[in-house]
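Visitor: I have the sequence and the model open. Could we go through the main elements together?

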Amino acid sequence: MAPRKLRTPPYCAWYCFVSLVLAIVGAGLYKRDFAGGKQPDAHTHRNETRTAGRRLRAAFTTTTTPVDPDSIQVDDDDEPDRVCFPAVRHGGLRPERVGQIVDGTSFAAALTALARSREVRRVLELGTWYGGGSTQSLARGLMSAAPADNCIAKGNERCCRDLVVTVEVFEPAWLHARRYLHDLPVWCVRGSTVAPDEMLSLDEVPPSERGAHFNLYYERDLALMRKSKPQLRRLCAKVAFDLVLIDGNEYTGWGEFERVRDECRPRYVALHDTGTLKTAKVEAYLETHTDEYRLLLRKGETDASPACDLVGCLPEALFAPNEAGWAIYQRSDY
Ligand SMILES: C[S@@+](CC[C@H](N)C(=O)[O-])C[C@H]1O[C@@H](n2cnc3c(N)ncnc32)[C@H](O)[C@@H]1O
């Protein structure tokens with residue numbers, strides 16, 4: 001019997017073709033990186049090293065499309081009722097959970113319950129930190145009520161109907177949060193909520209408030225804000241938010257509130273760290289403007305308030321202990 005013909009020639013042709021393509025591409029890259037065949041000098045080397053670091057970080061944190069933290073892809077013609085944003089490449093790794101408003105606390109319970117109600121579909125959070133606190137509580141609430149096809153993948157983007165959009169100015173926290181939250185309906189936006197001139201000026205920070213927090217964060221955050229684009233106005237111009245949580249900078253609470261009230265006009269406004277400089281002016285304003293917003297629920301009244309159903313009308317003592325105050329307001333014309 002004649003031996004079966006070996007199928008070497010087609011394999012060889014394919015192999016040679018691939019090798020040729022790789023050689024051409026490789027030569028092109030080499031030429032681009034080290035034009036003229038010169039070794040990079042020390043300066044170029046430093047830049048290359050930095051670029052490599054940036055590429056490596058980008059590979060871990062983004063899709064193949066570089067993330068533009070300022071891009072807002074809301075009005076996608078194909079997905080008119082979804083908000084599209086850059087998907088996160090996470091490499092199967094999830095960083096550890098880090099958060100301030102943690103499970104078991106009354107505020108986490110109230111936020112999750114509110115996000116579960118069908119009156120809340122889109123949430124804006126000011127101050128993500130590392131994503132394992134309020135962002136996760138809110139996203140879980142939304143997810144438990146949203147349909148299975150709430151989020152879809154579309155090329156390098158993820159598009160969600162119900163979602164949390166959360167803004168963080170400190171890049172290491174933003175990087176951590178977006179990886180930690182990659183599979184929840186959450187768009188982590190890097191940037192500042194408001195502009196530096198909307199932060200309390202030094203004169204507006206009373207001497208009694210110039211302690212350790214002030215020394216650590218006032219100048220640091222002001223410097224970060226100067227390097228960042230304000231996001232609050234742009235986001236509210238694009239997305240109709242039902243709930244806004246103000247939990248960002250100690251010194252921007254009032255500036256944020258003014259924009260939220262006038263431009264975002266959400267049905268609900270949630271405040272964290274009540275009784276501090278962050279919300280003092282906001283609370284004073286709301287107390288005398290009940291025609292605009294009325295109190296729905298606050299810490300210490302979860303067993304007695306008319307809206308106590310949200311958290312099972314349990315008293316504060318039955319929740320996990322937490323120092324921080326909080327309150328949720330509802331727009332009076334609802
Ligand atoms: C109190 S923490 C948020 C805690 C978070 N909600 C949680 O439950 O874990 C406040 C965050 O706001 C961020 N921040 C400060 N100034 C900001 C600004 N102008 N814009 C956006 N984020 C800001 C801080 O970097 C910090 O991560």
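Visitor: Let us start with β6. How many of its residues are buried?

Guide: In strand β6, residues 186–190, five of five residues are buried, so the strand counts as mostly covered. Please keep in mind that this is a predicted model.

Visitor: Which residues of β6 point which way?

Guide: Val186, Cys188 and Arg190 point one way from β6, whereas Trp187 and Val189 point the other way; all of them are buried.

Visitor: In what sense does β6 pair with β5?

Guide: The two strands, β5 and β6, run parallel and are paired over five bridges.

Visitor: How many bridges does β2 make with β7?

Guide: Four bridges join β2 to β7, again in the parallel sense. Here Glu125 stands opposite Leu245 of β7.

Visitor: How many residues of β2 itself are buried?

Guide: Five of the five residues of β2 are buried, and the strand is mostly covered. Arg122, Leu124 and Leu126 point one way, and Val123 and Glu125 point the other way; both sets are buried.

Visitor: Changing topic: which strands form the open sheet?

Guide: Three strands form an open sheet, in the order β1-β4-β3, with antiparallel pairing. β1 (83–86) and β3 (151–154) are the edge strands, each pairing on one side only. From one strand to the next, the twist averages 25°.

Visitor: How many bridges link β3 and β4?

Guide: β3 and β4, the latter covering residues 157–160, are antiparallel and pair over four bridges. Within this pairing, Lys154 has Glu157 of β4 as its bridge partner.

Visitor: Now the helices. How many of the residues of α3 are buried?

Guide: Nine of the eleven residues of α3, which spans 106–116, are buried, and the helix is mostly covered. The buried residues are Ser106, Phe107, Ala108, Ala109, Ala110, Leu111, Thr112, Leu114 and Ala115.

Visitor: What do they pack against?

Guide: The buried residues of α3 pack against β2, α4 (134–145), β7, β8, β9 (293–298) and β10 (325–331).

Visitor: Which residues of α8 are buried?

Guide: In α8, they are Gly253, Trp254, Gly255, Glu256, Phe257, Arg259, Val260 and Cys264. These buried residues pack against β2 (122–126), α7 (232–238), β7 (243–246), β8 and α9 (277–288).

Visitor: What follows α8?

Guide: Arg265 follows α8 and has a positive phi, near 45°. Arg265 is not a glycine, and its place is in the loop between α8 (253–264) and β8 (268–274).

Visitor: Why does Arg265 count as partly exposed?

Guide: Arg265 counts as partly exposed because it has 15 C-beta neighbours inside 10 Å. A residue needs 20 or more to be buried, and 12 or fewer to be exposed.

Visitor: What is the phi of Asp273?

Guide: Asp273 has a positive phi of about 60°, although it is not a glycine. Asp273 lies in strand β8. Asp273 counts as buried because it has 20 C-beta neighbours inside 10 Å.

Visitor: On to the ligand. How many residues surround it, and which are the closest?

Guide: The ligand is surrounded by 20 residues, the closest being Gln100, Gly127, Trp129, Gly133 and Asn249.

Notes. Residues are numbered from 1 along each chain as its sequence is written. This is a predicted model: local features need pLDDT of at least 70, side-chain atom pairs count only at pLDDT 80 or more; totals for chains, interfaces and linings use all residues. A residue is near a molecule or strand if its C-beta atom, placed from the backbone, lies within 6 Å of it. Two strands pair if DSSP finds at least two bridges between them. Axes are lines fitted to C-alpha atoms, for helices over the stretch in contact, and angles run from 0 to 180 degrees between N-to-C directions. Two residues are in contact if their C-beta atoms, placed from the backbone, lie within 7 Å.
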